[in-house]
Amino acid sequence: MQFHHHGYVSEDPRVIPAAPGMPRSAELPEEMDVLIVGAGPAGMIAAAQLSMFPGVHTRLIDRRPHRLDIGQADGIQARSVETFQAFGFANEIIDEAYWLTEMAFWNPDPENPENIIRTGRAIDDEYGISEFKHLIVNQARILDHFATFMANSPSRMTPNFGWEFLDLKVAENPDSVEYPVTVELKNVETGERKTVRTKYVYGTDGAKSGVRHAIGCTLDGDQANQAWGVMDVLAKTDFPDIRTKCAIHSSAGSILHIPREGGHLFRMYVDLGMVGPEDKGAIRKTPIETVIEKANAIIHPYSLEVKDVAWSSVYEVGHRVTDRFDNLTADSPADETPRVFIGGDACHTHSAKAGQGMNVSMQDGFNLAWKLGHVVEGRSPKSLLRTYSEERLDIARNLIDFDKQWSRLMATKPEELEDPKMVEEFYVKTAEFPAGFMTEYEPSLITGDASQQELATGYPLGKRFKSAKVVRVCDTNPVHIGHHATADGRWRIYAFADQPAPGQDSKLTRWAEWLGNDPASPVVAHTPVDADEDAYFDVKVIYQQRHTEFNFTDAPRVFRPEVGPFQLTDYEKVYGVLPDEDIFEERGISRDGAVVVVRPDQYVAAILPLDDTQALTDFFNPIFDTTSQLASV
C-alpha cells in the first residue's frame, strides 16, 4: 500500500482523500451518469469500482430498507479472493472465512448399503491454480467490505436503500441525448414515486429482474425438476467430517455439506427428490423439520441434532440464461451504444451447489464497471461498452453447462453411477472451473490475438493474470507482482526485460525510451498533461537479474515516475527475480523479453515483443478516445 505522497497520513491510509465536491448529497438526485439497480454482489462490486471514478456520478439503489443481513451465497472462489485483493480486503476476508482445503466423498458401504462410508478425499487446489484459498464466508460480509471500500473512496459513495425499480425507457436517439434513460422508481417506505434520468443503467436486481423485463430479455433454458432444501444450522453430531466439505451419496439421497466460518455453523444442501409439473411450487413449502429428517436419513448411521437454524430455504434447480446482457437487439444499428445492462442472477440462474452464483456475478460487475468509468470520463469510445455482453454471455453459457453436469451428478443415485468415484473424479478434473479460472475472453477491442503467445506461455491471452513472486528492488522485499494492481481503473503494462544487465543498452532500454517520450507511445498520447505520469497506465519492469546485481536507479526513467503534488518518485515499479522462484521460468517468459498488457479487471489483454512498439500503439489507440484527450490538453 502506498500513501504519504499527498502529505503525511496519520489515520487509516485505506481512507482515500475525498475528491472535490464529495460526498454528493445523500438524497437520490433526478439526474446521474450511472444508476445501478440492486445491491447484491454484481451491483456492489460495480459501484465499488465506479466509486474510484469521482467524475462519474454513480448511484446504487436497492429495494431493501437496509444492508443485507443474511446472504444465500457463501462460497468464495480463489479468483474472487484475487479480486478482493484489488479492492484491499482479501486478507480480512481470509482471516474471517472458513478455508476449504479438502473435499471428502461419502458413498454407501458395499457391505452395508444402508450406511455411508468415506470413499475418498480430494485436495482443493492440488495444482496451485492460485496463491489464494477457496473460502466460505457469508455473502453479507462480502457486501459490507465493498460498502466500506465505496465509503472510503474519493467519491464517498453510499447506497440508497428503500427504492424499488418500476420501469425504464430509453430515448429513440440515445446518443443525441445527454440523459437518454428515464427510470421510474418507488420509495418502499413512503410510496413516493420518483422519475430519474441517467446515461446508463445496470440491472443487478436478481432472478426476477425488473430491468431485464424492461428491456425485453427473458431467461431461457431447462425448467426446474430437482428440489433441494438448504439450511445453515448449529447442531450436535457424530458425523466425523462435519468441518470438512463433503459430497455425500446414500441410498436415501444426496447432500452437499459445507462448513461455514466461525468453527460451528455449517450448511447442507439436502436432496428432496424429483419435482413434477403438477407440483406447482408446493415443494417450496417443505418444513425445515422435514429437511432435517431427510438429512438424518442420508447420513445414516450418523445423526444430526439441530440446535438452531440460522437460515433455510427450499429451491428447485433450473439452468437458464438470457440471449443478451444489454438492451441492444439483433435489429439495433451497428454503431448504437448500449445504455442498459444486466448482470448476475438477472441474466443467469443455476444451482447453488457449485458455488458459482456470487462469484460469476461479481466478475460481471467488475467487467462492466471500469468500462463505464472510462467511457463516461471520456477516456474511451462508447464502442467499448459493446464488449460487456459479448464477453460475459459466453462465460454464463459455460457456467450453465458446467452446473448442469455437477447438479446431475449430485442428484444421481449411487446405484445409477457407473463408478462411485465419478463425482470425485469430476470434481478433480474440473477444479479450474469452480476455482474461477476457466474464463478466457476471445479477441476483441480489448483483447488481442495469440500470435505472440510463445513469449509468455504462462499468461494465456484472455485469461486472468496469474500472479507470481518477484523482489521489489527498492526495499528488497519479495512480493506478489499481481498484488500491487488495485481496482483503480488503470491498465497494467508489465515489461519483462531481456538478458543484458540493467543500465546497459538492450531491447528493454530502447522500448522504455520510446514509451516515456515518443508521441506514439500510449503513455504519452493518452495520459492527460495535468495528471500523474502513471494516471492511466501502471508500467512495471521485471529484470532477469537478482536485486543484488543492480540499483533501482539503473532502471529507465519511465519506471521511476514522479507522482502526487510533490512529484515524489514511485519506487514500486522495478523488480528482480527470486533465485528459487524465477517468474521467467514459472510463467514461461521468453529470455528475449516480452510485454504483457493487463486490463483493469485483471485479464491478460496483449502479449507483445519488446522490439515491436508499433504493436503496442496499435493495440491502445482504438481503446482510448484520443480526441477527448487532446481537447483536455
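Predicted model: local features only at pLDDT ≥ 70, side-chain atom pairs only at ≥ 80, totals over all residues.

Colleague: Okay. Which side chain does Arg79 make a polar contact with?

Modeller: That of Gln602, at 2.8 Å. Arg79 lies in helix 2 (residues 78-86); helices (H or I, at least four residues) and strands (E, at least two) are DSSP runs, numbered from the N terminus.

Colleague: Is Arg79 buried or exposed?

Modeller: Buried, at 1% relative accessibility. Buried means under 20% relative accessible area, exposed over 50% and partly exposed in between, with a 1.4 Å probe and protein chains only.

Colleague: How is the chain divided into domains?

Modeller: Into domain 1 (31-88 + 137-221 + 320-327 + 338-408), domain 2 (98-132 + 224-316) and domain 3 (453-621). Those bounds come from an automatic or database domain assignment.

Colleague: How many residues of domain 1 are in contact with domain 3?

Modeller: 18 residues of domain 1, and they are in contact with 14 residues of domain 3. Contact means heavy atoms within 4.5 Å. The C-alpha centres of domain 1 and domain 3 lie 32 Å apart.

Colleague: And the largest nonpolar core, which residues touch the most other members?

Modeller: Phe87, Phe146, Trp491, Trp511, Phe559 and Phe620, out of 112 residues in that core. By nonpolar core I mean a set of buried Ala, Val, Leu, Ile, Met, Phe, Trp, Tyr and Cys residues joined through side-chain atoms within 4.5 Å. Helix 7 (residues 357-377) gives the largest share of this core, 9 residues.

Colleague: Where does this core lie relative to domain 1 and domain 3?

Modeller: Between them, because both domain 1 and domain 3 give residues to this core. There's also a second, separate core of 24 residues, with Trp106, Leu272, Val275 and Ile299 among them.

Colleague: Switching to helix 6 (residues 288-298), which residues are buried there?

Modeller: Val291, Ile292, Ala295 and Ile298 are buried. Seen down the axis of helix 6, its buried residues fall within an arc of 120°, so they line one face of the helix. The arc is that of the directions from the helix axis to the C-beta atoms.

Colleague: Why would residues three or four places apart point the same way?

Modeller: Because an α-helix has 3.6 residues a turn.

Colleague: What's exposed on the other side of helix 6?

Modeller: Glu289 and Glu293.

Colleague: How many disulfides does the structure hold?

Modeller: 0, with a disulfide taken as a pair of cysteine sulfur atoms within 2.5 Å. As for individual cysteines, Cys246 is buried with a relative accessible area of 0%, while Cys474 is partly exposed at 33%.

Colleague: Now His257, where is it?

Modeller: In strand 14 (residues 253-259). His257 is buried too, with a relative accessible area of 0%. A polar atom of its side chain lies 2.7 Å from the backbone oxygen of Ile242. Leaving aside neighbours within four places in sequence, the contacts of His257 include Cys246, Phe266 and Met268.

Colleague: What about Asp534, which residues does it touch?

Modeller: Not counting residues up to four places away in sequence, Asp534 touches Arg490, Pro561, Val563, Asp570 and Lys573. Arg490 is 44 residues from Asp534 along the chain, and their C-alpha atoms are separated by 8.5 Å. Asp534 sits in the loop between helix 11 (522-526) and strand 22 (537-542), and is buried at 9% relative accessible area.

Colleague: Last topic, backbone geometry. Which peptide bond has omega near 0°?

Modeller: The one from Met22 to Pro23, which is cis. Another cis peptide bond joins His300 and Pro301, with omega about 20°. Pro301 lies in the loop between helix 6 and strand 16 (304-321).

Colleague: What is the phi of Thr476?

Modeller: About 65°, positive although Thr476 is not a glycine. Thr476 lies in the loop between strand 19 (469-472) and strand 20 (477-480), and is partly exposed, with a relative accessible area of 44%. Gln567 also has a positive phi, near 50°, and counts as partly exposed at 38% relative accessibility.

Terms used
Residues numbered from 1 in each chain as written. Heavy atoms only, no water. Polar contact = N/O pair within 3.5 Å; in protein donor to acceptor, adjacent residues only side chain to side chain.
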